[in-house]
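Hi,

Here is the structure I promised to pass on.

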Amino acid sequence: MRISRRLVALAMIVTPLAGAPAFARAAESSLGTPSGQVTMKFKSLDIGVGHTWGTGKLVFQHHTYRFKIEGGSLAAVGYANITGHGEVYNLTKVKDFEGSYAAVNGDVTAGTGVGAVLLNNPAGVRIRLDTSSTGGRLAAAAQGMKITLTK
């Protein structure tokens, strides 16, 4: 009973964030021309504080680069398999793609879910990502993600 009340309270927090996909798409118009594309596959396991891990591909200047993802989130509970496809902006050198990215997002996954997120790193690189997920997860989360290129 106590857990269900917490889930209801968290759902009330997440509800205003349901417009996040529309916000990310609206923000895209102010980002300019994409400089690359990304695909990502990652998993997220959360119990208040969460852990995210996975892999991805960056297509930049006719080359494909593989990378790994490590990160975490706050204010989330559950488990989800997440796939994402999107565009990269403000990337001029592939080495600027590596680093720590931050985002604030909210999502609810009960079986399947969709969302969008805008990630930013200190080098000015931005990633707009459309996501689909499976599992059971509820999040009103500040998220951090570290991307490392692999050889």
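Contact here means heavy atoms within 4.5 Å. On that basis, and leaving aside neighbours within four places in sequence, F97 is in contact with V38, L58, F67, V88, L91, N121, V125, I127, I147 and L149.

Before going further: this is a predicted model, in which local features need pLDDT of at least 70 and side-chain atom pairs count only at pLDDT 80 or more, while totals for chains, interfaces and linings use all residues. Residues are numbered from 1 along each chain as its sequence is written, and side-chain values use heavy atoms, with hydrogens and water left out.

The search of the whole structure turned up two aromatic pairs (Phe, Tyr and Trp rings, the six-membered one for Trp, with centres within 6.5 Å; planes under 30 degrees apart are stacked, over 60 edge-to-face, the rest tilted). F67 and F97 have ring centres 5.1 Å apart and planes at 65°, so that pair is edge-to-face. It links distant parts of the chain: F67 sits in strand β2 and F97 in the loop between β2 and β3, 30 residues apart (strands are DSSP E runs of at least two residues, numbered from the N terminus). Ring pairs join F67, F97 and Y101 into a cluster. Both F67 and F97 are buried, meaning under 20% relative accessible area with a 1.4 Å probe, protein chains only.

T52, in strand β1 (residues 36-60), is buried too, at a relative accessible area of 2%. Residues that T52 touches, beyond four places away in sequence, include F42, I69 and Q143.

Happy exploring!

Terms used. Helix = DSSP H or I, 4+ residues; strand = E, 2+ residues; numbered from the N terminus. Buried < 20%, exposed > 50% of the residue type's maximum accessible area, 1.4 Å probe, protein only.
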